[in-house]
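This report concerns the aromatic rings of one protein model and the contacts in which they take part. The structure is shown first, and the description follows.

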Amino acid sequence: MGLFDKKFCDFCGEKIGLLGNRKLEDGNMCKNCAAKLSPWFSERRHSTKADIQAQLEYREANKSKVAAFNATKTIGNRTKLLIDEAACQFMVTSASDYRNANPDVLDFSQAQGCELDIKEDKDEIMQENSDGTSVSYNPPRYEYSYSFRVTIRVSSPYFDDMSFDLSDGYITTGEQPMTPTVQDSAWTVHKSDSGYEPDKYYECVKIGNEIKEAIDRMRNSAPSDGNKNTAAPADTAREEKTCPNCGAKTFPDANGCCEYCGSKL
């Protein structure tokens, strides 16, 4: 067959337009059928027609799970982790109407872990000398910005993880370096003495830690006997407080300290 021969979708049978082909290992797929695949799936070009057909059937069956899903807990801003504690199921989606978006519904037992990643970027602030040349301050001054990303590892035949941005790009904190560190796989913040309070930064730290705690609870509470009526215990022991040192709204840790700056509450 020639390069410009007409192609037909191996799943719906419709003719594929010039730029509409989604190539498979042994066939072709139109963009409309490709849109039905999981948003977390990335191996289409290395998949066979049989692989894709199995996933399309799984995605169709997933619609009934979405219809029955009752979100009892939601964590996040733009992209959210939704949890049905009674059914021991969860989903991740940015759709405002998730029932029409058909996000993948997973069981607690499919949650394998959660990684949190903060990337720091800094740009030097320059000053202009008498001849109009830009020169460094002494000592140098920098403007700091940060991006936050969450990766939830799962056990699924069609994808291994769900990775998404929490910060929607970089959050600038001015000349305040937040010195993010990772302690026990959770985000922490060392608060400086400057009194600078970048609310968006603290919000992302809080959301990231809440997502990780939720995934960890799923792993620890997933029923091993297939009984999905045993929901994860609600975290009612901790009460949200405002830290007098950094001003962040926080849940006290095991030592009664702010989860962001470590100050005693």
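This is a predicted model: local features need pLDDT of at least 70, side-chain atom pairs count only at pLDDT 80 or more; totals for chains, interfaces and linings use all residues.

A residue counts as buried when its relative accessible area is under 20%.

A search of the whole structure finds six aromatic pairs. Phe-69 and Tyr-98 form one of them, and the arrangement of this pair is edge-to-face. Because Phe-69 belongs to the loop between helix 2 (49–68) and strand 5 (73–76), while Tyr-98 belongs to helix 3 (residues 98–101), the pair ties together parts that are 29 residues apart in sequence.

The rings of Tyr-146 and Tyr-201 also form a pair; their planes stand at 80°, so this pair is edge-to-face. Tyr-146 is found in strand 10 (residues 134–154) and Tyr-201 in helix 4 (residues 199–221), so the pair joins parts that are 55 residues apart in sequence. Tyr-146 has a relative accessibility of 0% and therefore counts as buried. Tyr-201 is likewise buried, with a relative accessible area of 0%.

The two pairs are set out below.

| Pair | Centre to centre | Angle between planes |
|---|---|---|
| Phe-69 and Tyr-98 | 6.1 Å | 80° |
| Tyr-146 and Tyr-201 | 5.1 Å | 80° |

Ring pairs also build a cluster, which links Tyr-146, Phe-148, Tyr-201 and Tyr-202.

Which charged ends sit over the rings of Tyr-142 and Tyr-137? Over the ring of Tyr-142 sits the charged end of Lys-122, 4.4 Å from the ring centre. Over the ring of Tyr-137 sits the charged end of Arg-141, 4.4 Å from the ring centre.

Notes: Residues are numbered from 1 along each chain as its sequence is written. Side-chain values use heavy atoms; hydrogens and water are left out. Rings of Phe, Tyr and Trp (its six-membered ring) pair if their centres lie within 6.5 Å; planes under 30 degrees apart count as stacked, over 60 as edge-to-face and the rest as tilted. Helices (H or I, at least four residues) and strands (E, at least two) are DSSP runs, numbered from the N terminus. Buried means under 20% relative accessible area, exposed over 50%, partly exposed in between (1.4 Å probe, protein chains only). A charge sits over a ring if NZ of Lys or CZ of Arg is within 6 Å of the ring centre and within 35 degrees of the ring normal.
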